[in-house]
Amino acid sequence: MKIPQQKIYKALLILALVLAVLFSGFYFFRNSLLKQAIAKVTHKMAVDYNSDFSIKSASFDGLSGIKLTNVILVPKNADTLFNIEKIETSISLSNLLIGDVQVGTLKINKGYIQLVKKGKVRNFDAFLKRDKSDSDTNEKRKYATFAYRIISKLLNLVPTDMNLENLIFKIDDNGKKTSIAISKLVLDNKQLETNLHVQAKDFDQRWNIKGFADPRNKKADIRFFNLDTGAIRVPYLDERYNFKASFDSIRLNVENIEKDGSELHIDGYTSITNLKINHPKIASKDVVIKNARFDYRFLLGDDFISIDSTSTMQLNKIKVKPYVSYNTEKDTVYTLKVNIPKMKAQDFIVSLPDGLFTHFQGMEATGNFDYKLDFKFNKNKPNTLVFDSKMNKEDLRITKYGEANLNKLNGEFVYRAIIQNVQQRPILVGNANPNYTPLDQISPYLRKCVLTTEDPSFFSHRGFINEAFKQSILKNIRTKKFSRGASTISMQLIKNVFLTREKTLSRKLEEILLVYILENNRIASKERMLEVYFNIIEWGPNVYGIGEASHFYFQKPPSALNVDECLYLATIIPKPRKFMYQFNEQGNLKDYAVKNQKFLKNLMFRRGLLMPEDTIGQLPVYISGNARSLIKIKAPDSTAVPIDSLATDDEFEL
């Protein structure tokens, strides 16, 4: 059926009149509606956030423009959160009609925003509370949908045209103060440029931020520069966390934010030049990364968040393909995969950050390698943990050593332990030292005992034990702290001879790389490594090497040590300076120490390292050397029964 044109025109006219009436009504009553909206916000701030919100004056400017003066938010019993003298903004009415708030333009003139902490009171705590509507629901959150909704709302609040003048952002953390003054920030025709004046306790800088920003299409390409000479310093972190950081420039690029079905894709890259960081837990000196870039693709689904394997991290000449995932589909599963594609060994060495690998400076190598790490942890099934680390070499050879010359292990050298940053007395590792003991002159019982307690697979592994790493990771996850390591004798040797005992990321990374080079290039034999180990480790206060230790405790050479003396020496290695606390007032081992040695003895029996005849006729451990003077022994009572008469056969049973 054909509808007459006259009726169509009539319907359109009626629709136009209705819209005109609606807009007219809105126009004439808009100030009243604006007051109601402000009253609603004021009430919400008071009830939900215990804060006073006030606006001195509010009025419309044109159809969609709004002017506000003296906009102030003050939490109860806390400092003002913000105080803005003048705000002018406009809102898209067409989007507002469908419930989508989009800020069109924004002008702010004079004011401040501040985050203040005094004692334990923070002026923004009320706004960090979780929304009750989120906590009360049992429905599983869909990560992609949730993230896209939040990102869209935030970007819609970013105006397409913006002009900020004389706005200050301040932080006051119990007297640790930082301020960022925005003299002028302009976003016009998708071009952003601003000048910032940054002040902290010990520096004063002017920064420049400029680039492309398109909040409606969810794209940006922004750069940070220093208008003054020198690098940009990061404020606040130094005073608050003793973490110093600076850089020459940063670039942040967001190419795409798109939701495709149940998946959200976020693509882009970020780069930084001459990043310098300093923290006691990272390294003892400044760590410098000359060039770094991260080409990222974040993927979010209903039940996972991940960094896709198509992402690339580049550190100077080192390229890394990472994959990181957090998945809650069935169990809570954390996954990490690292892939370093085939690259030249020398490119890897010269790309290591300055200050993080000081012992590698000057090292040269030929050949190529590639590396893969596979890690997976199921929170609900922790014993299924996967940890697999593999390196493939192609004609890899070290042609020149850096500061850590690993060939040192094969000759005579002077060793000096470092305890609490203080160098101890020099120990000559070589035959010119009368206490130096070759491996074949050390009791075979002691070799077996120490290998059992410290590194049972020493002669078969290449510096690392994957299973030990797995158990270490599991325990550290369970205790939520670094409570267990996975140190092999190779790692202990590298740490003692070439590195320090400082607990830094730098020292641990250097230890891992040096152990790999030592073990996988056959620089020193296993026998030589074990011999050096026995002759340098600490066995007591100022007692270094087994030659000194055997005389210090038992007044005999290492070759003459019996089984129980070897069991005792092996059990004090973790805490040699506290050996005296294992003894009671009669000079005998306490019950717990005896049990420890019995446990070790039985373990060695089960492994076939000891035979029953090895322990026939053995007496309790008796300290006869200078070590006895450090044991607090009570003066003997003349009425007491002799210790020997208290011994029973049961005490020596297995």
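Modeller: Let us begin with a convention: Ala, Val, Leu, Ile, Met, Phe, Trp, Tyr, Cys and Pro count as nonpolar, Asp, Glu, Lys and Arg count as charged, and the others, Gly among them, count as polar. The structure to which we apply it is a predicted model.

Biologist: How many helices and strands does the protein have?

Modeller: The protein has 15 helices and 27 strands. Of its 654 residues, 40% are buried. Among contacts between residues at least 6 apart in sequence, 57% join residues at least 24 apart.

Biologist: How many cavities of 30 Å³ or more does a search of the whole structure find?

Modeller: The general idea is that rolling a probe the size of a water molecule over the atoms shows where empty space is left. In this structure, the search finds 1 cavity of 30 Å³ or more, and the volume of the largest cavity is about 60 Å³.

Biologist: Which residues line the largest cavity?

Modeller: The lining consists of Ile427, Leu428, Asn433, Asn435, Tyr436, Asn535, Tyr544, Gly545, Ile546, Gly547 and Glu548. Two elements, β25 (427-429) and α12 (546-554), each give two or more residues to this lining. The largest share, 3 residues, comes from α12.

Biologist: What is the lining of the largest cavity by class?

Modeller: With the convention stated at the outset, the lining has 5 nonpolar, 5 polar and 1 charged residues.

Biologist: Let us take one lining residue. Is Tyr544 buried or exposed?

Modeller: A residue counts as buried when its relative accessible area is under 20%. Tyr544 has a value of 2%, so it counts as buried. Tyr544 belongs to strand β27 (residues 543-544). Setting aside neighbours within four places in sequence, the contacts of Tyr544 include Tyr415, Ala417, Ile419, Gln424, Arg425 and Ile427; Asn535, Ile536, Ile537, Glu538, Trp539 and Arg577 are also among them. Tyr544 and Arg416 are 128 residues apart in sequence, yet their C-alpha atoms are 9.8 Å apart in space.

Biologist: Asn535 and Ile536 belong to α11. How many residues of helix α11 are buried?

Modeller: In helix α11 (residues 526-536), 10 of the 11 residues are buried, so the helix is largely enclosed by the rest of the structure. The buried residues of α11 are Lys526, Arg528, Met529, Leu530, Glu531, Val532, Tyr533, Phe534, Asn535 and Ile536.

Biologist: Next, helix packing. At what angle do the axes of helix α7 and helix α14 cross?

Modeller: An angle of 65 to 115 degrees counts as roughly perpendicular. The axes of α7 (residues 444-454) and α14 (residues 591-606) come within 11 Å and cross at roughly 100°, which means that α7 is roughly perpendicular to α14.

Biologist: With which residues is Gln597 in contact, leaving aside its neighbours within four places in sequence?

Modeller: Gln597 lies in helix α14 and counts as buried because its relative accessibility is 5%. Beyond those sequence neighbours, Gln597 is in contact with Asp564, Leu567, Tyr568, Thr571, Leu589 and Val621.

Biologist: Finally, backbone angles. What is the phi of Asn189?

Modeller: The background is that most residues other than glycine have a negative phi. The phi of Asn189 is near 55°, a positive value in a residue other than glycine. Asn189 sits in the loop between β7 (176-188) and β8 (191-199) and is exposed, with a relative accessible area of 61%. Lys218 is not a glycine either, and its phi is positive at about 60°. Lys218 lies in the loop between β9 (204-214) and β10 (219-226), but it counts as buried at 15% relative accessibility.

Biologist: Which residues are in contact with Asp161, leaving aside its neighbours within four places in sequence?

Modeller: The contacts of Asp161 beyond those neighbours are Gly104, Thr105, Leu106, Leu187, Asp188 and Asn189. Asp161 is found in strand β6 (residues 161-173) and is partly exposed, at 31% relative accessible area. From Asp161 to Leu187 the separation is 26 residues in sequence and 5.2 Å in space, C-alpha to C-alpha.

Key
Residues are numbered from 1 along each chain as its sequence is written. This is a predicted model: local features need pLDDT of at least 70, side-chain atom pairs count only at pLDDT 80 or more; totals for chains, interfaces and linings use all residues. Side-chain values use heavy atoms; hydrogens and water are left out. On a 1 Å grid over the protein atoms alone, a cavity is a set of points where a 1.4 Å probe fits but cannot get out, and a pocket is an open set with protein on both sides within 12 Å along at least five of seven lines; lining residues have an atom within 4 Å of a point. Grid points are joined across faces, edges and corners, and a volume is the space filled by probe spheres set on the points. Helices (H or I, at least four residues) and strands (E, at least two) are DSSP runs, numbered from the N terminus. Axes are lines fitted to C-alpha atoms, for helices over the stretch in contact, and angles run from 0 to 180 degrees between N-to-C directions. Angles under 35 degrees count as roughly parallel, over 145 as roughly antiparallel, 65 to 115 as roughly perpendicular and the rest as oblique. Buried means under 20% relative accessible area, exposed over 50%, partly exposed in between (1.4 Å probe, protein chains only). Contact means heavy atoms within 4.5 Å.
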